[in-house]
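Biologist: I am new to this structure and would like to go through it with you. Could you display it, please?
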Amino acid sequence: MKHTIAVILENKSGALSRIAGLFSRRSFNIDSLSVGATDNPDYSRMTISVRGDRVVLEQVIKQLSKLINVIRVSELDPAESLERELAVIKVSTDRENRAEIMQLVDIFRAKIIDVSARSMIIEVTGDEEKIDAIVLLFRQFGIKEMARTGKVSMVRGTRVIKA
Amino acid sequence: MPKMTGAQVVLECLKREGVDVVFGLPGGVLLPLYDAIYHSDIRHILVRHEQGAAHMADGYARSTGKVGVCIATSGPGATNLVTGIATAFMDSVPLVAITGQVNTFLIGKDAFQEADITGITMPITKHSYLLRDAKDIPLVFREAFYIARTGRPGPVLIDLPRDVTVAELEFYWPDVKLAGYNPSTRVHEMQIKRAAKDLMEAERPVIYVGGGVKFADANKELITFAEKLNAPVTTTLMGVGCFPEDHTLSLGMLGMHGTKYANFAIQESDLIMAIGARFDDRVTGKITSFAPKAKIIHIDIDPAEIGKNVRVDIPVVGDAKNALAALLKEVQAKPRSAWNDKIDQWKLDYPLKYIPDPNIIKPQYVIEKICELAPDAIITTEVGQNQMWAAQFYIHKDPRKFISSGGLGTMGYGFPAAIGAKIGNPDCDVIDIAGDGSFLMNSQELATAVVNDISVKVAILNNGCLGMVRQWQELFFGKRYSATILGRTSPDFVKLAEAYGALGLRATKPSEVESVIRTALASDKPVVMDFIINPMEKVSPMVPAGAAISEILDLEWCEETEISAMDKMLVSGRYVSREECA
């Protein structure tokens, strides 16, 4: 089972490594982790994608909540929340396949952000499944390099997760 | 207001937090701080190794309930604290560790005596600070003490760069406001009502008590509660003393080396109420076979402990004292039942026992004699057989008078912890029950005890072995005593004590035990008692690793031939094969 957790943490030195260290120390499996500023400069927001059953998830949330620099921990219900990830993918290209790649880029509403004689960099945003799908399709042309951000997530509607 | 240096502000903070003694050892970057200590009226105990400072602060904290403070310099001083901090962390001991650090502009440059101590201790501290700005000193110290002592207590580390201690600032005394830390001590009323209902309906209840009861000072409430329900009480190693062991409802300790009747009671129980305990593997044995018939109520101040190791039917988050007070209002008195009779019968049938010997000292006999001659002493222990015998054969009645490294199992803990406990309780006898292996791990603190006139007593149960590991080798590794034979004469503990200016005493026969203990207790010096015990004595009973706790074995017996073979090894101080022995 995959779960998504949003963590609001204080922007203090060591806060990030405390969280990362907790995961390795307690043998929790994380698929992705992303972190960045919130509208309040004192706090950051982290989105963690974690695997495990309910018992594991409960432990993850409780252990995170124990950290002094952690202000809030919320599980995000996938049915009620949106998630986005960004990937930049450097694909091998040649004269024959360039048009086909551009078509795929269109279909996925991705963007070409760099073109050279033998490669293109494609930027794509979307949920995890969409990125996985485009990665799979590009693989036939040869992916030279890829960077993914890990997902960020937010609950739909009026509910907010803030400090 | 006149300006003060960072170091002076640190001392003022300690004073305002009620600190009257600190344990430490100076170093280069700590020169400004130690100059402030020189001018302060806070007592400083100079240790001979920083690990000793951490354990002393820990023993002081456990025995007094106050926050213990230890100080070490940057680099190796700080890393020498690590075992002590980890020990305190595992057993939830309130500790503030202050470490020196290189100047802020040198941090990260691999400067002389630089170590990333906040990084190193991250997994073993409740929280830590690297103080980069002197103006934050009062705030950080207030937060550190508050975090260390509240909720589930634990160690907090403050890393103090040299330039921060010489910078000047105006003193202020802030309030603590921590957005991310609000330990809940109040208990949920509905959960208490549910728990009370189950307790009233239970036919075979057992109360399972851990160190949380001690930290919450809830032992009086516990006694009242157990008596009202006529519910038997078992304790973990950390909970030893939270319920008087001479009480009719006491089951003693449970788990790997617990009493048979405590383990039987758990396995037969239909309701277990755990308070301030964490279902550690040494307690539960094979987890899937633990308490198969019981519903579980779990009361703990740390929500993360609930449901971590076992499934819980009724979780109650909160302070043990509040929870017991709330429960007391909800339950009605219950008369004695068939369950009490059954347990009393088990207690008669399966008492803790050993085979006395007129010629060779049995360790259990030493502990019984200590208990007889010093019934209200603070007992600290090292780790291994000595620790288990001390837990089993001394009759513990007071929660803050049994001090032992339970979670981490730190050999070398008991002696410095005894020094800390004695400083916190100068009028109380403090006795470290030690092994010959453990004691050597921090015996340098004899100097600290002698110089400061700290009259602690050490009772070494000298079997010439790393006894607990040797016991496992005997039982599970074909009697191949790999690296567990220390030898009888390494070193001569009487001479060692005398070399430091302490009193050394030895007993080699059972008839000498009592007079040695009497002489030790009467002395106002630190004393090392060397009891030469049967080397083959085992801690009994025992649940083998991975077995259910009802599968508990008696191990009192040992063969004469085994003893003589072992004696040969002890003379040579090395492992002798069975062929060589023959």
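Biologist: Which side chains meet in a salt bridge between chain B and chain A?
Modeller: This is a predicted model. In it, the side chain of Asp302(B) forms a salt bridge with that of Lys66(A), with 2.6 Å from N to O.

Biologist: How many salt bridges are there between chain B and chain A?
Modeller: The count is 1 salt bridge. Polar contact between the two chains involves 5 residue pairs, with both residues at pLDDT 80 or more. On the side of chain B that touches chain A, the residues comprise 9 nonpolar, 4 polar and 4 charged.

Biologist: And how many residues does each chain bring to the contact?
Modeller: Chain A contributes 18 residues and chain B contributes 17 residues.

Biologist: What area is buried between them?
Modeller: About 1,400 Å² is buried between chain B and chain A, and carbon and sulfur atoms give 54% of that area. Of the area that chain B buries against chain A, 34% comes from Met122(B), His127(B) and Gly180(B), more than from any other three residues.

Biologist: Changing topic to helix α5 of chain B: which residues are buried there?
Modeller: The helix spans residues 82-90, and Gly84(B), Ile85(B), Ala86(B), Thr87(B) and Ala88(B) are buried in it.

Biologist: What do those buried residues of α5(B) pack against?
Modeller: They pack against three elements of chain B: α3 (50-64), β5 (95-101) and β7 (155-161).

Biologist: Which residue just after α5(B) takes a positive phi?
Modeller: That is Ser92(B), whose phi is about 55°.

Key:
Residues numbered from 1 in each chain as written. Chains lettered and ligands numbered in written order. Predicted model: local features only at pLDDT ≥ 70, side-chain atom pairs only at ≥ 80, totals over all residues. Heavy atoms only, no water. Contact = heavy atoms within 4.5 Å. Buried area = accessible area lost by both parts, 1.4 Å probe. Salt bridge = Lys/Arg side-chain N within 4 Å of Asp/Glu carboxyl O. Polar contact = N/O pair within 3.5 Å; in protein donor to acceptor, adjacent residues only side chain to side chain. Nonpolar A, V, L, I, M, F, W, Y, C, P; charged D, E, K, R; others polar. Buried < 20%, exposed > 50% of the residue type's maximum accessible area, 1.4 Å probe, protein only. Helix = DSSP H or I, 4+ residues; strand = E, 2+ residues; numbered from the N terminus.
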